Amino acid sequence: MSYIHINSGGRNIGVVIIDLTKQEKHFVEELAECNDIICAYKKAYSTKGLSEKEISKKAQALMGRERVAKSMDLKNGLTDKKDITPVDIMDELSTIAFSDISDYLVVEDGEIRPIPTNLIEPKKMLAVENIKQGTRNIEIKLYDKLKALDMLGKLIVGGQKSEDLVETGETVEEFLKKQDESFKY
């Protein structure tokens with residue numbers, strides 16, 4: 001049984017369990033590295049005595065297995081996060097810093113009711129740290145807004161003292177683009 005951790009913005013938001021054999025798991029891992037199904041197949045399976053055509057057919061058949069394809073889709077979603085930019089970080093922090101409890105709860109007839117998670121924008125769900133179902137209530141805990149604001153402020157001013165900052169007339173988008181371009185990857 002393989003466990004694939006699903007991350008969003010660097011934090012774990014779940015685990016998907018996919019039943020892969022040891023060789024299938026090795027194939028998926030190698031495919032993520034070399035991005036070539038034949039290369040990945042050769043590293044994961046014994047190919048002694050097989051022609052390149054036979055290896056290609058077997059690799060394609062393996063790719064056709066639903067559990068392998070699903071595992072690769074999830075793995076690819078994780079590897080795409082390697083290209084995180086400062087703008088991505090600022091966006092994530094902004095989501096937390098400017099979250100509002102009214103995005104998750106509604107007051108009707110004097111009662112507080114949670115909004116079903118499938119009706120909340122996925123981006124707004126990133127601000128939710130935890131949801132607990134008790135015997136008589138539901139607890140929704142958001143990430144610390146003040147900490148996110150502090151981190152966002154430090155990221156934006158880049159360690160400058162507030163008195164050194166001068167109004168430039170730039171839009172937020174222009175500022176963020178300039179910050180992203182000056183960031184050394």
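Leaving out neighbours within four places in sequence, Pro114 is in contact with Tyr104, Leu105, Ile138 and Ile140. Pro114 belongs to strand S4 of this predicted model. Ile140 lies 26 residues from Pro114 along the chain, and the two C-alpha atoms are separated by 8.4 Å. Pro114 counts as partly exposed because its relative accessibility is 36%, between the limits of 20% and 50%.

Strand S4 covers residues 111-114 and strand S3 covers residues 105-108. Asp109 sits in the loop between the two. Its phi is near 50 degrees, a positive value in a residue other than glycine. Most residues other than glycine have a negative phi. Asp109 is exposed, with a relative accessible area of 77%; the cut-off for this class is over 50%.

The chain as a whole contains eight helices and six strands. Read from the N terminus, the order is β-β-α-α-α-α-α-β-β-α-β-β-α-α. The chain has 185 residues, and 23% of them count as buried. Among contacts with a separation of 6 or more, 47% join residues 24 or more positions apart.

Helix packing was examined next. Two packed helices are described by the angle between their axes and the distance between the axes. Helix H1 spans residues 22-34 and helix H2 spans residues 37-44. Their axes are 8 Å apart, at an angle of about 140 degrees. The crossing of H1 past H2 is right-handed. On the H1 side, the contact is formed by Gln23, His26, Phe27, Glu30, Leu31 and Cys34. These residues meet Ile37, Cys39, Ala40, Tyr41, Lys43 and Ala44 of H2. By class, the residues of this contact are eight nonpolar, two polar and two charged.

Buried residues in H1 are Glu24, Phe27, Val28, Glu30 and Leu31. An α-helix has 3.6 residues a turn, so residues three or four places apart point the same way. Just after H1, Asn35 takes a positive phi of about 55 degrees.

Gln23 is placed in H1. With 39% relative accessibility, Gln23 counts as partly exposed. Beyond its neighbours within four places in sequence, Gln23 is in contact with Ala44 and Tyr45. The C-alpha atom of Gln23 is separated by 9.9 Å from that of Ser46, 23 residues away along the chain.

H2 also packs on helix H3, which comprises residues 52-64. The axes of H2 and H3 come within 9 Å and cross at roughly 95 degrees. That angle makes H2 roughly perpendicular to H3. H2 contributes Ile37, Ile38, Tyr41 and Lys42 to this contact. H3 contributes Glu52, Ile55, Ser56, Lys58, Ala59, Gln60, Leu62 and Met63. The contact of H2 with H3 has seven nonpolar, two polar and three charged residues.

H1 and H3 meet as well. Their axes come within 12 Å and cross at roughly 100 degrees. The two helices are therefore roughly perpendicular to each other. Glu24, Phe27 and Leu31 of H1 make the contact with Ala59, Leu62 and Met63 of H3. This contact has five nonpolar residues, no polar residues and one charged residue. Phe27 and Leu31 of H1 also take part in the contact with H2, and both are buried. In H3, Ala59, Leu62 and Met63 also meet H2.

With a relative accessibility of 18%, Thr85 counts as buried, since the cut-off is under 20%. Thr85 and Glu181 are 96 residues apart in sequence, yet 9.6 Å apart in space, C-alpha to C-alpha.

Technical notes
Residues numbered from 1 in each chain as written. Predicted model: local features only at pLDDT ≥ 70, side-chain atom pairs only at ≥ 80, totals over all residues. Heavy atoms only, no water. Axes fitted to C-alpha atoms, helices over the stretch in contact; angles between N-to-C directions. Helix = DSSP H or I, 4+ residues; strand = E, 2+ residues; numbered from the N terminus. Left-handed = near helix turned anticlockwise from the far one by under 90°. Contact = heavy atoms within 4.5 Å. Nonpolar A, V, L, I, M, F, W, Y, C, P; charged D, E, K, R; others polar. Buried < 20%, exposed > 50% of the residue type's maximum accessible area, 1.4 Å probe, protein only. Parallel < 35°, antiparallel > 145°, perpendicular 65-115°, else oblique.
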